[in-house]
Amino acid sequence: MATLVTNGYLARMASSTSPESTTQDGSDPRCVPIKLTAPIPIGAECAYPSYTADEQAIWRTLYARQEKLLPGRAADEFLHGLHQLELEHDRIPALADVSRKLDRLVGWQIARTPGLLAAEDFFDHLARRIFPCTDYIRGPDELDYTPAPDCFHDIFGHTPMIVHPRFADFYQKLGQAALACTDEATMEGLTRIYWFTVEFGLIRNPGGLRIYGNGIISSYGETRHSLTEKVKKVPAKPESMAVQPYDIWHFQDTLFVIESFDAIEADFDRWARTHGLLA
Ligand SMILES: [Fe+2]
């Protein structure tokens, strides 16, 4: 589940990996969830890797492409968060810097994860207001899709939304609720809520329908697809999202629209309490 939850749109491309990058069972090793055996670096403990010039160029290309595409499509709240974080356009941001800014703004930190985390490790960090973030970037042949989490998805896609105080609280509650969940059916519902909000959520802004889900926002193709008439738009109620199956292998044909982050946080809080997941 963590594969799908933490990696959004990326996971569905796992089957398109080249043979040399697959494990014996055919899966991409980058998509195999990691169970932590020791704490991972947090905030200032995250060292800046020695990226190659090619890797920095991939960040620049991805950033420039989305920067051009997102106005009029991305949520005001996302664009505001992006502005507040002042993420570098021309080089991969340092996790320590992003963490410091998030801590100052909303009391969240960044931890450097070696890859896709096992669900319990991932949610344990969210519950403590720590976002596990990769610091490596996809290859030049994976600009549109990559089967594994990378720092463009994690930093560019995820962190601007965490700047929003209500989203930040909602995100923490998702982690807390997941940790408290022992029932498989309820966990499936929670996974779907995560998918249709954090990764694939839409919001009604004063200017019209906009995207806040980072699985969409960090994907050029999904960004262009999600607001079209090909996608059915449904009011986002936890009860509806919890029973809506999703397809990890194709563009979404149904997406859920929130009216505000106040509303989704309050609605999720109520849903989680009803299921005994939040005190
Ligand atoms: Fe994600």
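Predicted model: local features only at pLDDT ≥ 70, side-chain atom pairs only at ≥ 80, totals over all residues.
1. Nonpolar core. The largest nonpolar core contains 70 residues. Ile-110, Ile-162 and Tyr-171 have the most contacts inside it. Helix H7, residues 165-180, gives the most to this core, contributing seven residues. As background, nonpolar side chains in soluble globular proteins tend to be buried together.

2. Contacts of Tyr-171. Leaving aside residues up to four places away in sequence, Tyr-171 touches Leu-126, Ile-162 and Val-198. One of these, Ile-162, is listed with Tyr-171 among the residues with the most contacts inside the core.

3. Packing of H3 on H6. The axes of H3 and helix H6 (residues 151-162) lie 7 Å apart and cross at an angle of about 100°. H3 is therefore roughly perpendicular to H6. From H3, the residues in this contact are Glu-77, Phe-78, Gly-81, Leu-82 and Leu-85; from H6 they are Thr-159, Pro-160 and Met-161. By type, the residues of the contact divide into five nonpolar, two polar and one charged.

4. The four-strand sheet. Four strands form an open sheet in the order S4-S3-S6-S5, and their pairing is mixed. Strand S4 (208-211) and strand S5 (232-235) are at the edges; each has a single partner strand, so one side of each is left without a neighbour in the sheet. On average, neighbouring strands of this sheet are turned by 40° against each other, direction ignored.

5. The S5 and S6 pair. S5 pairs with strand S6, residues 254-258, in the parallel sense over four bridges. Within the sheet, Val-234 stands opposite Phe-256 in S6.

6. Glu-86. This residue is not a glycine, yet Glu-86 has a positive phi of about 50°. Its place is the loop between helix H3 (76-85) and helix H4 (95-106). Glu-86 counts as exposed because it has 11 C-beta neighbours inside 10 Å, and the cut-off for exposed is 12 or fewer.

7. Arg-129. A positive phi, about 60°, is also found at Arg-129, again not a glycine. Arg-129 is in the loop between helix H5 (119-127) and strand S2 (130-133). With 18 other C-beta atoms within 10 Å, Arg-129 is partly exposed, because a buried residue would need 20 or more and an exposed one 12 or fewer.

Note on methods. Residues numbered from 1 in each chain as written. Core = buried A, V, L, I, M, F, W, Y, C linked by C-beta atoms within 7 Å. Helix = DSSP H or I, 4+ residues; strand = E, 2+ residues; numbered from the N terminus. Contact = placed C-beta atoms within 7 Å. Pairing = 2+ DSSP bridges. Axes fitted to C-alpha atoms, helices over the stretch in contact; angles between N-to-C directions. Parallel < 35°, antiparallel > 145°, perpendicular 65-115°, else oblique. Nonpolar A, V, L, I, M, F, W, Y, C, P; charged D, E, K, R; others polar.
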